[in-house]
Amino acid sequence: MRSAGSADEAWYDDDAGPVARPYTMTGGRTAPERGRFDLISLVVARRAGSPRAPLFPEQARIVELCHHPVSVAEVAAELDLPLGTVRVLLGDLLAAGLVETHEPPTLSELPSQELLESILVGLRAL
């Protein structure tokens with residue numbers, strides 16, 4: 001344990017292990033340089049090859065998690081990182097070609113009310 005009154009005491013103790021603030025992982029960036037990541041956007045790893053540049057442990061964990069599609073919210077929860085940090089890391093992985101995203105449909109892409117009602121009538125007729 002740190003001595004009482006130490007300036008570092010408010011941030012961590014010996015039992016917590018090494019501490020890295022989220023901006024350290026993102027180089028101070030608060031928004032991804034590439035991509036738009038909604039909470040429900042699905043992310044999936046593109047290939048199993050090795051990246052050109054070394055990955056942060058958190059980025060490697062994201063690629064590992066994304067062998068099957070997972071939402072951005074699930075990635076943030078699994079890594080226990082702030083959503084903004086995860087979005088920046090995902091943007092870097094997207095730029096490197098290691099992941100791809102599938103955005104949720106917009107309201108203009110959703111089926112019309114009439115079509116949904118027709119399908120419901122057809123199902124009830126079965």
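# Close-ups of a helix trio

**Figure 1. The whole chain, to get your bearings.** The protein chain has five helices and three strands; both are DSSP runs numbered from the N terminus, helices being H or I with at least four residues and strands E with at least two. Starting at the N terminus, the order is α-β-α-β-α-α-β-α. This is a predicted model, in which local features need pLDDT of at least 70 and side-chain atom pairs count only at pLDDT 80 or more, while totals for chains, interfaces and linings use all residues. Residues are numbered from 1 along each chain as its sequence is written, and side-chain values use heavy atoms, with hydrogens and water left out. Of the 126 residues, 25% count as buried (under 20% relative accessible area, with a 1.4 Å probe and protein chains only). Among contacts with a separation of 6 or more, 70% come from residues 24 or more positions apart; contact means heavy atoms within 4.5 Å.

**Figure 2. The buried side of α2.** Look here for Q59, I62, V63 and L65, the buried residues of α2. Seen down the helix axis, they fall within an arc of 165 degrees, so they line one face of α2; the arc is that of the directions from the helix axis to the C-beta atoms. Their cover includes β1 (42-45), β2 (70-71), α3 and α4 (83-95).

**Figure 3. Where α2 meets α3.** Helix α2 (residues 57-65) and helix α3 (residues 72-79) have axes that come within 11 Å and cross at roughly 130 degrees. Axes are lines fitted to C-alpha atoms, for helices over the stretch in contact, and angles run from 0 to 180 degrees between N-to-C directions. The two helices are therefore oblique to each other: angles under 35 degrees count as roughly parallel, over 145 as roughly antiparallel, 65 to 115 as roughly perpendicular, and the rest as oblique. On the α2 side, E58, R61, I62 and L65 make the contact, and on the α3 side V75, E78 and L79 do. Sorted by class, that's four nonpolar, no polar and three charged residues (Ala, Val, Leu, Ile, Met, Phe, Trp, Tyr, Cys and Pro count as nonpolar, Asp, Glu, Lys and Arg as charged, and the others, Gly among them, as polar).

**Figure 4. Where α3 meets α4.** Here α3 and α4 pack at an angle of about 110 degrees, their axes 9 Å apart. That makes α3 roughly perpendicular to α4. V72, V75 and A76 of α3 touch L83, V86, R87 and L90 of α4. This contact has six nonpolar, no polar and one charged residues.

Notes:
Buried < 20%, exposed > 50% of the residue type's maximum accessible area, 1.4 Å probe, protein only.
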